[in-house]
Amino acid sequence: MATRKEHITFCHICGNHCALTAVVENGKLVEVKAGAGYPANMCSIQKGADHLIGTVNSPDRLTKPLRRVGEKGSGKWEEISWDEALDTIAEKLIDVKEKFGPEYVIMVLGEPKGMEFPFAQRFATAFGTPNTITPGNYCGVQSTEALRYTFGSRYIRARMEGNPGLVTIWGSNIAHTGGTFSQIGRNDLNRLIVGGDTKLVVIDPKNIELWPEKGMHAADADYWLRPRPSSDGILAMGFIKVIIDEKLYDPDYIEKWTVGFEELRQEVATFTLEEVEKLTWVPKKDIQEVARLMATVKPALIGNGNSLEGNIEAFQMARALAVLRGLIGSVNTPYGGLVDQIPPNYYPPGAFMMSDLKEKLKEYPRTPERTIGGSDFSIAAKFGYVPTQALVDALLTEKPYLPKVGLTFVNNPLLTYADSIATEEAFKKFELLVVSELFHTATTRIADIVLPAAVLSEYDGIAYWPAWFGNLRANVKVVDPPGEAWPDHKMVNELAKRVGLGQYFWEDEIMAMDYMLEPLGMTWEYFRDNVRYLHGESLYDPEKVIGYNTRSGKVQLYCEELAKSKVDPLPRFKDLVKPLMGPCEITESYPFIMTNYKSEVFMLSGYRGVKELRIKSPTPTVYMNPDAAKEQGFKDGDWIYIETFKGRIRQKLALQPGMHPKVVNVEFGWGDYGYEDANNNLLTEYSRPWDTATGCLTLRGLACKVYLAPDEGE
Amino acid sequence: MDKVIRKHDFLKLLFADLKEKYHIIGPTRKGGGTSTYAYPTFDDIDRAIDLEMGYTTTMGSLKKLYFPDNEALYQYQRVGTEVELVNLRQAWDKEKVILGLHPCDISALAVLDKVFGLDQYYTDKRNKSLIIGLTCDSACSRGFCSSVNSGPDAQSGFDLLLTDIGDGYFCRSGSERGERLLSLEYFKAAAPEDIQARAKKLQKTEDELKGRFSLDEVTSALAEKYNDSLWDEFADKCYTCGACNMVCPTCTCFTINEKAKGDHSQGKRVVVWDSCHFERFAQMAGNFNLREEKKSRFKHRIYDKFHFSLVRQGKVSCVGCGRCADFCPSHIDIREAMSRL
């Protein structure tokens, strides 16, 4: 008899993590829709459905551990058992640890999906390597750490329930690729738009869809500012300057609740609005009008996405945005649009990966001397990650030493790291490269061992990411994984046992989840069956300013602690100009500025082979202003080359009226399953200069030229 | 009058002739990787190559053309002690041809006509439109046009109605303008086998349509089941996101917002599409809300489509395009509601 069962679980294809109802018939996932009763943001749930159904049912999934039999990159494999795969890896790890040291083993991690991230970090601590590479250097750390240094918390979220009078969406395509860091969700925004009492400002080079079903775009907002890519920090300083020069701030609040106003005032006296206009391409009049709105409309909130983080001053840029929020009193005040929250009381990843392993940390400290990248990245080190390019650099230069083993989970460095060619050359130098994946990718191609991974919904797991959202979700198993695929954290757990670290891990992964939830006083089973979702508790008080968990107890416009990390305590105009220099300067040969956007259909570089998604986005698409394209002799649908000093790629042109005529907006993430020549990271450079605080590098804003390309291969 | 045109002639000759006189709107995916790429949309067509005549459905309907969201009505500005008003509504300077409109969407225009028929800008646009419809090649996944008598064939509301019959289109005129078009030399007389091919195609589409229900039974059940517990069940799944209203070709509710400068020296009155699922939709002065409960709002939309419009205008105002179910995050499907009623 046919069986039909509905499970409530959570989507993971974008940062919103909407609740989903997964419908399973006879063991096969047949339908995915919103998870009634639990938060869903109406982003393209369609996309979540296509992604999940397409992925779990895909005939292309990896189902057995594979060992390379030919040359690296030859694509020749033999199937091996899990025992053989894990034993081979464990033997090499032990050997490398004995001969060279544990730091020669590198954990190469991607954006956390399930439990694999804390497991891998825990493994690194127990094994003794400080080298956990994550994309934190261009994803999230800048924005969340800027909030922490400024307001004392990274859990600051939009207070949508307070019906904000001004919403600024800055570098975030909230209808398609997750909300802003402060969780401005589509659902709430739609109501505000129709309500008519909310001013909407969109700051984005792209005319993003704000409400696709309505056909509403950025151009329909009250203001659509189109800054030059990577000039957002300067724009923020421009807003700050207007607010200070025109005395639009609340002097009592500034006096009582902030530190460093005088330093900030002096800083904004060092530049003019004309300079801001020239550098950002945003008319002075718009800067003034929007700044006045930000300062006078209450509640006001500014929500940014992580697209702002792709430049060498990304941390100071994020600080400028945070300082702007502080200046207008929009955080933790009765009239503010943003508020701090207390996350659910569980062992968060940081505690999970280290807190009970203090002895191990003493034995194998995560010190600059032992870490690739050395003392370069002061904030990254505190955050427990090593920037991606530091690994590429160490492999290529063999300084401070040549890493031996790479264990890669949930990421595809050969497409997602800056400079794909250098990354491939570097990764080929691993004596053993192990890649856990759902499908073959550019990175599995050069691996020595490929491990078949299960995707969320094929196993039970706790989902906590993004940690700063302050929520906890039960991702339940709805179908069996294909073949012998395992959850990533099970791989780590089993590997730990084989390298003699069993006492720091668990008999099975469910016990680990019970441990993670222990402070909440519930087991995984109870959480899964009775709770499913927990969110942070808002600290909002309509009567008073609730204060700030910084060292000074105030908003740190000027942040002393940063000086100790060799980071400027104040965002400086002269520094924020740096991302526009060097290869980002417009010249006769390179008259356009390239930026990039994340696919609205896929997730980053992933899932290009999933037909349910591919059908909706068959080709890499680059956007240009119609007049600028016409001047170059391009028509809508032409294939064009986009070339920077580093290299060139080929994408299909789509015309977007209203875009700045100097901007060429390239689609990120292509390169697998066709269109190898469309890979955005053939345009980027891994080597210095870097943001020395967080390790960010230039991913956007490079000067480029464009010219017609042949369209064969379409 | 019935004729046929070869596809090649349609794309080359007819398209070029139409382009000379009209601004062409049609189903297309030009414009890149957005949801308007994932789903074709009605947009300006400069080149026949951009037309996607084989489309099944679009996300947005054609209503945006005649009843635009975010349309500015007028601007006001303070000039000294006076207030100056500037009309911002714009009439079309050129006639438009709408290519490839499916029968459900053709029927939807008749619903819009009833609502906006007194608006001169609206009627002017409608008068300046030449509708070249297209019957569906296959049934869309959640459409139910045959249950509400708006497809798969259309009887009126078009100037020409095309049916894909393989290497050509079968063309039926529905107006004098349509007949005049059919007199162009590249339209050939329809042979009996062409008529057969058309009938076969429409029958195939009709057979593919799933979840057919009896409209009479539904409308009489609605009259009796206002307080049925079924409404609770459906409303439980509803996120009140308003997606169904936005994509619906016959939802016409709007609100009027004021977009003023900070100092209120200047501003605009703007028509904004509204959603009856939003809590403040039926909020009255004095803080009284006619439909505070989610359930009552959910029910209201269904009753508006299938009951109130029938009572007031003699016809249900749902055209069975299926977009509300296609784009509902919870996949709430009117067909299911109807069959369970």
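Me: I've landed on B:Ser309. Where in chain B does B:Ser309 sit?

Reply: B:Ser309 belongs to helix 11 of chain B, which covers residues 294-313. Helices (H or I, at least four residues) and strands (E, at least two) are DSSP runs, numbered from the N terminus. Keep in mind that this is a predicted model: local features need pLDDT of at least 70, side-chain atom pairs count only at pLDDT 80 or more, and totals for chains, interfaces and linings use all residues. Residues are numbered from 1 along each chain as its sequence is written, chains are lettered from A and ligands numbered from 1 in the order in which they are written, and side-chain values use heavy atoms, with hydrogens and water left out.

Me: Is B:Ser309 buried or exposed?

Reply: Buried means under 20% relative accessible area, exposed over 50%, and partly exposed in between (1.4 Å probe, protein chains only). B:Ser309 has a relative accessible area of 6%, so B:Ser309 is buried.

Me: Which residues is B:Ser309 in contact with, leaving aside its neighbours within four places in sequence?

Reply: Contact means heavy atoms within 4.5 Å. On that basis B:Ser309 touches B:Asp304, B:Gly314, B:Lys315, B:Val316 and B:Ser317. A polar atom of the B:Ser309 side chain lies 2.8 Å from the backbone oxygen of B:Lys305, and one lies 3.4 Å from the backbone oxygen of B:Lys315.

Me: Let's move to the two chains. How many residues of chain A are in contact with chain B?

Reply: On the chain A side there are 42 residues, in contact with 38 residues of chain B. The size of an interface is often given as the accessible area lost when the parts come together. Buried area is the accessible area (1.4 Å probe) that two parts lose on being put together, summed over both. Here that comes to about 3300 Å², with carbon and sulfur atoms giving 48%. In chain A, the residues losing the most area to chain B are A:Val194, A:Glu213 and A:Lys214, together 19% of what that side buries.

Me: How many salt bridges are there between chain A and chain B?

Reply: A salt bridge is a side-chain nitrogen of Lys or Arg within 4 Å of a carboxyl oxygen of Asp or Glu. The count between chain A and chain B is 2. A:Lys214 and B:Asp69 meet in a salt bridge, at 3.1 Å from N to O.

Me: Which element of chain A gives the most to the side that touches chain B?

Reply: That's helix 5 of chain A, with 6 residues. By class, this side of chain A has 15 nonpolar, 11 polar and 16 charged residues. For the classes, Ala, Val, Leu, Ile, Met, Phe, Trp, Tyr, Cys and Pro count as nonpolar, Asp, Glu, Lys and Arg as charged, and the others, Gly among them, as polar.

Me: And how many salt bridges are there over all chains?

Reply: A search of the whole structure finds 74. One of them joins A:Asp87 and A:Arg498, whose closest N and O atoms are 2.9 Å apart. This pair links distant parts of the chain, 411 residues apart: A:Asp87 is in helix 2 and A:Arg498 is in helix 18 of chain A. A:Asp87 is partly exposed, at 38% relative accessible area, and A:Arg498 is partly exposed too, at 28%.

Me: Is A:Glu267 buried or exposed?

Reply: A:Glu267 has 7% relative accessibility, so A:Glu267 counts as buried. The side chain of A:Glu267 meets that of A:Arg572 in a salt bridge, at 3.1 Å from N to O. A:Arg572, at 21%, counts as partly exposed. Elsewhere, A:Arg4, A:Glu6, A:Glu25, A:Glu31 and A:Lys33 are linked in a network of salt bridges.

Me: Now zoom out. How many helices and strands does chain A have?

Reply: Chain A has 24 helices and 31 strands. Of its 714 residues, 67% count as buried.

Methods
A polar contact is a pair of N or O atoms within 3.5 Å; within protein, one must be able to donate a hydrogen and the other to accept it, and residues adjacent in sequence count only if both atoms are side-chain atoms.
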